[in-house]
Amino acid sequence: MVSFDVSGTRGPWVIFGPKDSKEFRRQVGALEGKGGRVYDFQARDLLREGDIFRTFAEKLKFPNYFGWNWDAMVDCLDDLCLEITGGVGMVGVINDAELLIDSEDLELFISVLCQGAARANSEVDLDGDPLDRPAIAQHFIFLSKDFDAVEFASRVENPDLTFVVDGEFVTATLNPEVWFS
């Protein structure tokens with residue numbers, strides 16, 4: 001039984017798995033069926049920090065005032081417009097994720113995606129006050145040709161994140177002891 005749903009606003013928000021997963025395709029189809037959007041990214045375009053910022057800014061139409069840093073990326077992911085989300089949600093699919101396993105920015109990149117998604121998937125702001133918009137489903141899926149969930153989880157260590165092996169998948173969320181205590 002898979003414990004994630006990319007058409008919903010509950011975590012986990014970053015998921016890693018095999019490229020040929022029928023479960024991913026089923027869930028992405030369900031999101032699109034509700035009016036959500038799917039954005040494909042190529043890992044080869046995300047190998048360096050600047051490339052990540054440029055690619056995400058172009059693909060997700062970040063505003064001109066995007067600050068080209070990690071904190072600004074979190075803010076922009078939290079504030080994606082109706083055109084990008086369809087008012088329902090979005091999934092960013094990172095293809096050929098195995099190319100990123102040795103990237104020096106991988107742990108921070110995953111943390112930033114989790115932070116942005118956690119904020120977008122929430123109905124309250126950082127102070128706990130209600131937002132003037134509903135929660136928007138936002139998830140990121142890293143697909144790999146030769147994915148080994150246990151090996152991947154053991155290679156990415158970050159106290160900000162909690163990784164859970166879920167069958168053929170690995171899910172990542174913000175560590176509640178670090179972020180929500």
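## Cysteines

In this predicted model, the sulfur of Cys114 lies 18 Å from the closest cysteine sulfur, which belongs to Cys76, and this is too far for a bond. A disulfide is a covalent bond between the sulfur atoms of two cysteines. The rule applied here asks for two cysteine sulfur atoms within 2.5 Å, and by this rule the count comes to 0 disulfides.

Both cysteines can also be described by their accessibility. Cys114 has a relative accessible area of 0% and is therefore buried. Cys76 is likewise buried, with a relative accessible area of 7%. The cut-off for this term is a relative accessible area under 20%.

## A nonpolar surface patch

Which residues form a nonpolar patch on the surface? The patch consists of Val178, Trp179 and Phe180, which together have about 300 Å² of accessible area.

Trp179 belongs to helix α7, which covers residues 176-179. Because its relative accessibility is 34%, Trp179 counts as partly exposed; that class lies between the limits of 20% for buried and 50% for exposed.

## The second largest pocket

Rolling a probe the size of a water molecule over the atoms shows where empty space is left. The second largest pocket holds about 190 Å³ of space. Its lining is made up of 14 residues, and those nearest the centre of the pocket are Glu98, Ile101, Asp146, Phe147 and Phe152.

Two elements, β4 (137-144) and α6 (149-155), each contribute at least two residues to the lining of this pocket. The largest share of the lining, 3 residues, is supplied by α6.

Definitions and conventions
Residues numbered from 1 in each chain as written. Predicted model: local features only at pLDDT ≥ 70, side-chain atom pairs only at ≥ 80, totals over all residues. Heavy atoms only, no water. Patch = residues over 30% accessible without salt bridge, like charges linked within 9 Å, V, L, I, M, F, W, Y side chains within 5 Å. Areas by Shrake-Rupley, 256 points an atom, 1.4 Å probe, with all protein chains shown as cover. Salt bridge = Lys/Arg side-chain N within 4 Å of Asp/Glu carboxyl O. Helix = DSSP H or I, 4+ residues; strand = E, 2+ residues; numbered from the N terminus. Buried < 20%, exposed > 50% of the residue type's maximum accessible area, 1.4 Å probe, protein only. 1 Å grid on protein atoms, 1.4 Å probe; cavity = no way out; pocket = protein on both sides within 12 Å on 5 of 7 lines; lining within 4 Å. Points joined across faces, edges and corners; volume = space filled by probe spheres on them.
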